[in-house]
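Student: Could you walk me through this one? I'd like to learn how to read its features.

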Amino acid sequence: MNYYILFVQTQNQDVLVSLLEREGLKAYSPKFEYYRRDIDGLALKALFPGYVFVESNLDQVSFYSLIQNMEVKKGLIKELRYKGTSALTKEEIAVLKRLLDDKGILRMSYGHLENKKLVIDSGPLVGFEDYVTKVDRHNRLLWLDLYFFENQQWKSGITVSE
């Protein structure tokens, strides 16, 4: 399986995902689940605004040809590549598979504080405590420092109890 990343206009992310799916590709815009106080429930937000991920058996040349020949390219800016290869490393693909569900969503995690240190009890972030750089308990968010997209930080939802 090959993984590709498309840089797109943020407002057209979901439209482009639909167009790519009509072409028979597995495409998604990674999102994270977080708590919204105004609705007293969970909502979704773009994990990497402006990026669409595509999983395909097509090789690089065939994939490039497909996206160049699509009749409608709503919001597509460019494909991210490193010297002709996919923009994702094997390590980054492993992180994606570990943290995102089959719909491309980083689900909410739950944890507690132990001696002022965060311990994640359940959810996809179990075992990732060492990568946490910031916790906002009030808004139920945390930031992870993971090597991804040239060290872009991940944001995730978490509920922390005492």
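**Reading a helix and a sheet**

Tutor: Let's start with Q13, which is found in helix α1; helices (H or I, at least four residues) and strands (E, at least two) are DSSP runs, numbered from the N terminus. This is a predicted model, where local features need pLDDT of at least 70, side-chain atom pairs count only at pLDDT 80 or more, and totals for chains, interfaces and linings use all residues. Residues are numbered from 1 along each chain as its sequence is written, and side-chain values use heavy atoms, leaving out hydrogens and water.

Student: Is Q13 buried or exposed?

Tutor: Buried means under 20% relative accessible area, exposed over 50%, partly exposed in between (1.4 Å probe, protein chains only). Q13 has 4% relative accessibility, so it counts as buried. A polar atom of its side chain lies 2.8 Å from the backbone nitrogen of G50.

Student: Which residues of α1 are buried?

Tutor: An α-helix has 3.6 residues a turn, so residues three or four places apart point the same way. In α1 (residues 13–22), the buried ones are Q13, L16, V17, L19 and L20. Seen down the axis of α1, they fall within an arc of 165 degrees (taken from the directions from the helix axis to the C-beta atoms), so they line one face of the helix.

Student: And in what order do the strands of the open sheet come?

Tutor: Strands of a sheet pair through backbone hydrogen bonds, either parallel or antiparallel. Here the order is β4-β3-β8, with mixed pairing; two strands pair if DSSP finds at least two bridges between them. β4 (41–46) and β8 (105–106) are at the edges with a single partner strand each, so one side of each has no neighbour in the sheet.

Methods. A polar contact is a pair of N or O atoms within 3.5 Å; within protein, one must be able to donate a hydrogen and the other to accept it, and residues adjacent in sequence count only if both atoms are side-chain atoms.
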